[in-house]
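Please keep the sequence and the structure in view while reading.

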Amino acid sequence: MSIAVGLIAAALALAGCGGGSTAPSASPAPQVSTIPPETPKPTPSPVETNLPQSDPQIPTDCQTLASPETRAAAIGDLTLQSNGEGFVRPVPEGATLRLGCDWFTGDTTGILLLISTAAPEAVTAALQQLPAQGYTCQAAEDFGAQYCQLPGTGPDTEETITARDGVWIYMSTSNRNGRAFLSEIVSGIFG
């Protein structure tokens, strides 16, 4: 009898251990829901429904982005300075820079565009961290991606991130409005 009681006590103790393992999995859930309350709720419908149909087309040349008219309006007198390497910007873990374009003139006027790819899970995780860095994120209905914006000090100074299907598009503008340019680039990537 005492052995049976001991086995029952051991079984109950082990059952308690099993319950303890659910407590740690419950602690990440509040972190996930506190970090991205706005981000995941708008994201799943537009992004998830388009995932199977998407075949992102990553551009390979800074000089052929968008239409010639939109590119001229955005870049105008800016000069392509570099391929974007060396810039430290928000990016998903394990991301690979696929195209970097750094157009500038003078000290304060320019557009930086960095297009990277990463595992879709890494992109989702990185998106969830952006609100803590000051970004406001929402679903972009026109191309089914997540769109995040960090306003700068002036009307034409901002940082934006557009992400979908493992593609991460970072763009910062300074004294230049690049929104139409970005819209055409994103539409060209996601179709």
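## The largest cavity

The largest cavity in this predicted model has a volume of about 30 Å³, and a search of the whole structure finds one cavity of 30 Å³ or more. Its lining is made up of Glu 158, Thr 160, Met 171, Thr 173, Gly 178, Arg 179 and Leu 182, to which β6 (158–164), β7 and α6 each supply at least two residues. Sorted by class, the residues that line the largest cavity comprise two nonpolar, three polar and two charged ones.

## The second largest pocket and Ser 116

The second largest pocket holds about 160 Å³ of space. Of the 14 residues in its lining, Phe 87, Val 91, Leu 97, Leu 114 and Ser 116 lie nearest the centre of the pocket, and β3 and β7 are the elements that give two or more residues to this lining. By class, nine of the lining residues are nonpolar, three are polar and two are charged.

## Nonpolar cores

The largest nonpolar core has 25 residues, of which Leu 65, Trp 103, Leu 113, Ile 115, Ile 169, Phe 181 and Ile 189 touch the most other members. At least two residues of this core come from each of α4 (68–75), β2 (96–105), β3 (109–117), β5 (145–151), β7 (167–174) and α6 (179–190), and α6 gives the most, with six residues. Apart from this core lies another one, of 15 residues, among them Ala 118, Ala 122, Leu 130 and Trp 168.

Which residues are in contact with Ile 169, leaving aside its neighbours within four places in sequence? The contacts of Ile 169 are Leu 113, Leu 114 and Ile 115, then Thr 160, Ile 161 and Thr 162, and finally Leu 182, Val 186, Ile 189 and Phe 190.

## The loop residue Thr 157

Thr 157 lies in the loop between β5 and β6. Not counting residues up to four places away in sequence, Thr 157 touches Pro 151, Gly 152, Thr 173, Ser 174 and Asn 175; one of these residues, Thr 173, also lines the largest cavity. Thr 157 and Gly 110 are 47 residues apart in sequence, and the separation in space from C-alpha to C-alpha is 9.4 Å.

## Overall layout

The protein has six helices and seven strands, and along the sequence these elements follow the pattern α-α-α-α-β-β-β-α-β-β-β-β-α. Of its 191 residues, 38% count as buried, while the protein exposes about 10,400 Å², of which carbon and sulfur atoms supply 57%. Among contacts between residues at least 6 apart in sequence, 54% join residues at least 24 apart.

Key. Residues numbered from 1 in each chain as written. Predicted model: local features only at pLDDT ≥ 70, side-chain atom pairs only at ≥ 80, totals over all residues. Heavy atoms only, no water. Core = buried A, V, L, I, M, F, W, Y, C linked by side-chain atoms within 4.5 Å. Buried < 20%, exposed > 50% of the residue type's maximum accessible area, 1.4 Å probe, protein only. Helix = DSSP H or I, 4+ residues; strand = E, 2+ residues; numbered from the N terminus. Contact = heavy atoms within 4.5 Å. 1 Å grid on protein atoms, 1.4 Å probe; cavity = no way out; pocket = protein on both sides within 12 Å on 5 of 7 lines; lining within 4 Å. Points joined across faces, edges and corners; volume = space filled by probe spheres on them. Nonpolar A, V, L, I, M, F, W, Y, C, P; charged D, E, K, R; others polar. Areas by Shrake-Rupley, 256 points an atom, 1.4 Å probe, with all protein chains shown as cover.
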